[in-house]
Amino acid sequence: MKISESNNAPNIQQTSSERVKSNKTNKINHAETTNTASKTASQGAAQNAARIQSLFAKVGIRANVPLPDATARRKEIDRRRDILALQRIKNLQAVMEVALSVSLPQSSTENVDPDWFFAFTQLAENIHSPAMQSLWGQIFAVEISHPGSFSLLSLETLKVLTQRDAKLFSRAVALSSRRLGDTVPRILVGVHQRPSFWSMLSHRQPEQLNLATFGLSYPDILALTDMKLIFGSEIESGELSQEQSVKWRCGSQNYTLTPTRPGLALVYYKFTSVGAELAKLINRQAADAGPYLQALTQRLSSSFIIEHEPN
């Protein structure tokens, strides 16, 4: 027992010494981590402060500027007014340059409504995002070629859209189809079988497509509804005739639907009149709607004869 105790003593002393060293190392590491975190936080705060000052400078506001008297205040007010006026001019110039770069095959001899034009400029002068300025420039180019293409209501709607909203709307347009001869896009999601004696004996109604799978979630649908670009609930078409084939176009793909039995109706989300007008601005040719069209074809194949035309 004594030999055993004697042999174990150095081990106990060594372990205690290692613990002391470990504690010191941990304290040093903790201090270094704390200092690094503090420096990172300080750098982040400085970067945020720089961004805040840079953004406010664009609207003529500077930090910690003394305004001791009426003369100094008037000078700062005039300075800010000039900055804002110059920015509005730059915004309109950017929109005009886009409009000049748009080439349209046809043009009308009809003049643009003066009230529409001045309302357009008052709205467009406050559009600062280059991507949105591009949309406004395209609108003006189309309006010049075909006066009456865009209502003031559409302009008012477009005015409150952010670049993020525009991307969401572009995704909805990419998934939309237009019926031959119709100007209103629809996002087809499935088919409904109208009740009949024979349908009661058949299988249950097929489920509709989940648009979230293709980048358009239900919250996105609600957001587009709030923007008054699409209607918020699914809509059923009238009963489709078996004797009539209907041609649709989604992006660059044409396809024809022919019902295989009576009582069928398409289910879709429909664009509002404003949404239909603004959808003209979106380049659907470049959008990839392939996965959506494949899923839609599979969903409708049990109810329709589907023919895809070559691009």
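**View 1. Arg81 and its salt-bridge partner Asp78 in helix H2**. Arg81 is partly exposed because its relative accessibility is 48% (buried means under 20% relative accessible area, exposed over 50%, partly exposed in between, with a 1.4 Å probe and protein chains only). This is a predicted model, in which local features need pLDDT of at least 70, side-chain atom pairs count only at pLDDT 80 or more, and totals for chains, interfaces and linings use all residues. Residues are numbered from 1 along each chain as its sequence is written, and side-chain values use heavy atoms, with hydrogens and water left out. Asp78 and Arg81 form a salt bridge at 3.3 Å, N to O (a side-chain nitrogen of Lys or Arg within 4 Å of a carboxyl oxygen of Asp or Glu). Both residues belong to helix H2 (residues 70-101) and are three residues apart, about one turn of the helix (helices, H or I, of at least four residues, and strands, E, of at least two, are DSSP runs numbered from the N terminus). Asp78, at 22%, is also partly exposed.

**View 2. The salt-bridge network of Arg74, Asp78, Arg81 and Asp82**. Salt bridges link these four residues. The structure holds nine salt bridges.

**View 3. Asp182 with Arg179 and Arg186**. Asp182 has a salt bridge to Arg179 at 3.3 Å, N to O, and another to Arg186 at 2.6 Å, N to O. Arg179 is partly exposed at 32% relative accessibility, whereas Arg186 is buried at 6%.

**View 4. Thr272 in the loop between strand E6 and helix H9**. Thr272 is buried, with a relative accessible area of 11%. The Thr272 side chain lies 2.7 Å from the backbone oxygen of Lys228.

Notes: A polar contact is a pair of N or O atoms within 3.5 Å; within protein, one must be able to donate a hydrogen and the other to accept it, and residues adjacent in sequence count only if both atoms are side-chain atoms.
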